[in-house]
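Student: Could you take me on a close look at one part of this protein? I would like to start from a single residue and see what lies around it.

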Amino acid sequence: MSAPADSAQPLASTSNDQAPTSADITTNNASRGQSASASASASELARTKITLQGALKSFQDFPIPGINFIDILPLFQDPAIHNALLRALELQVLEFVGGLKPDVVVGLDARGFLFGPSLALKLDASFVPVRKKGKMPGPCVTAAYEKEYGTDFFQMQEGAIKPGQKVLVVDDIIATGGSAAAAGTLVKQLGGELVGYLFILEIAFLKGREKLGGVPTITLLETDE
Ligand SMILES: O=P(O)(O)OC[C@H]1O[C@H](OP(=O)(O)OP(=O)(O)O)[C@H](O)[C@@H]1O
Ligand SMILES: Nc1ncnc2[nH]cnc12
């Protein structure tokens, strides 16, 4: 999509141009013997995805030329959409991981902090942050990474995850996958069992999930722009 610099555009989607229908979403459930309540949840999830997709905006050439920046902040401006987002993430996790509820939700600095703690509460799990280098006290483990528009370092505090805890890593967007892969490395370094990744939006053409080593990865929405 091309747009004048600093001009917000509603985000169109590729695979979600045809917003997921309840039929799409229930396909996986059919073989598991779908209940009426699972079907209702799938319909609710499909409707919510359309609402969420419509609230996203994109900005061409931010933060550097050539990047089409997708802004997820509008999802938090309207309490109804914010609430729908959290409900959709919860449904998506429960559908995806089945009985394997995570013990810990790990959120990535900074946009993973916008919904990670709320989701952790809904799942009755702990919340643990991954922060950019130099923000947290005490001994930390560190990983360098590359993302779509630069390089950085992530850290976690030693002892923040207990060995063997099941960990779900959450963030707003997966682009190249560099940030998420670095977070996964830190989780494993602390002895956590990485059970999955969850993102609000996947920028599919950047193929970030290929960096995640086959760890189960859920994304609510997808775009190819
Ligand atoms: O898949 P990748 O190419 O690694 O990019 C995705 C990451 O980039 C953004 O964070 P950013 O580093 O811009 O930090 P912010 O949340 O503090 O803005 C985004 O919130 C993800 O964390
Ligand atoms: N295109 C993009 N839009 C928003 N956040 C991002 N993080 C990495 N790439 C991004």
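Tutor: Let's begin with Ser179 and its contacts. Setting aside residues up to four places away in sequence, Ser179 touches Leu108, Tyr145, Glu146, Lys147 and Phe154. Keep in mind as we go that this is a predicted model. Ser179 sits in helix H5. Is Ser179 buried or exposed? Its relative accessibility is 17%, so Ser179 counts as buried, because the cut-off for buried is under 20%.

One of the partners of Ser179 deserves a visit of its own: Tyr145. Tyr145 belongs to strand E6, which covers residues 140-147. With a relative accessible area of 7%, Tyr145 is buried. Which residues does Tyr145 touch, not counting those up to four places away in sequence? The list runs through Lys132, Gly150, Thr151, Asp152, Phe153 and Phe154, and then Gly178, Ser179 and Ala182. You can see that Phe154 is touched by Ser179 and also by Tyr145. For a sense of distance, look at Lys135, which is 10 residues from Tyr145 along the chain: the two C-alpha atoms are separated by 17 Å.

Now go back to Ser179 and turn towards ligand 1. This ligand is surrounded by 16 residues, and the closest are Lys147, Tyr149, Asp171, Thr176 and Ser179. The largest share, 4 residues, comes from E8. By type, the shell around ligand 1 divides into 5 nonpolar, 4 polar and 7 charged residues.

A polar side-chain atom of Tyr149 is 2.6 Å from an oxygen atom of ligand 1. The side chain of Asp172 also has an N or O atom 2.6 Å from an oxygen atom of this ligand. For Arg111, the distance from a side-chain N or O atom to an oxygen atom of ligand 1 is 3.0 Å. How much of ligand 1 does the protein bury? Taken alone, ligand 1 exposes 500 Å², and the protein buries 88% of that.

Tyr149 and Arg111 also lead us to ligand 2. Around ligand 2 you will find Ile67, Asn68, Phe69, Ile70, Arg111, Glu148, Tyr149, Ile173, Ala175 and Ile203. Strand E3 (residues 68-71) gives the largest share of this shell, with 3 residues. The shell of ligand 2 is made up of 7 nonpolar residues, 1 polar residue and 2 charged ones.

Here, too, there are pairs of atoms to look for. A polar side-chain atom of Glu148 lies 2.5 Å from a nitrogen atom of ligand 2. From the backbone of Asn68, an N or O atom is 3.0 Å from a nitrogen atom of ligand 2. Tyr149 has a side-chain N or O atom 3.3 Å from a nitrogen atom of this ligand. On its own, ligand 2 has 260 Å² of accessible area, and the protein covers 92% of that.

At 30% relative accessibility, Gly191 counts as partly exposed. Leaving aside its neighbours within four places in sequence, Gly191 is in contact with Lys162, Pro163 and Gly164. Ile218 is 27 residues away from Gly191 along the chain, and their C-alpha atoms are 22 Å apart.

Let's step back to the whole chain. Its secondary structure comes to 5 helices and 10 strands, and 48% of its 225 residues count as buried. Among contacts with a separation of 6 or more, 62% are between residues 24 or more positions apart.

Finally, how confident is the predictor? The mean pLDDT of the chain is 87, and 85% of the residues reach 70 or more. Over residues 14-32, however, the pLDDT is below 50. Helix H1 (residues 22-30) has the lowest mean pLDDT among the elements, 30, while strand E5 (residues 126-132) has the highest, 99. Where pLDDT is low, the predicted coordinates should not be read in detail.

How values were computed: Residues numbered from 1 in each chain as written. Chains lettered and ligands numbered in written order. Predicted model: local features only at pLDDT ≥ 70, side-chain atom pairs only at ≥ 80, totals over all residues. Heavy atoms only, no water. pLDDT = per-residue confidence, 0-100. Helix = DSSP H or I, 4+ residues; strand = E, 2+ residues; numbered from the N terminus. Contact = heavy atoms within 4.5 Å. Near = heavy atom within 4 Å. Polar contact = N/O pair within 3.5 Å; in protein donor to acceptor, adjacent residues only side chain to side chain. Areas by Shrake-Rupley, 256 points an atom, 1.4 Å probe, with all protein chains shown as cover. Nonpolar A, V, L, I, M, F, W, Y, C, P; charged D, E, K, R; others polar. Buried < 20%, exposed > 50% of the residue type's maximum accessible area, 1.4 Å probe, protein only.
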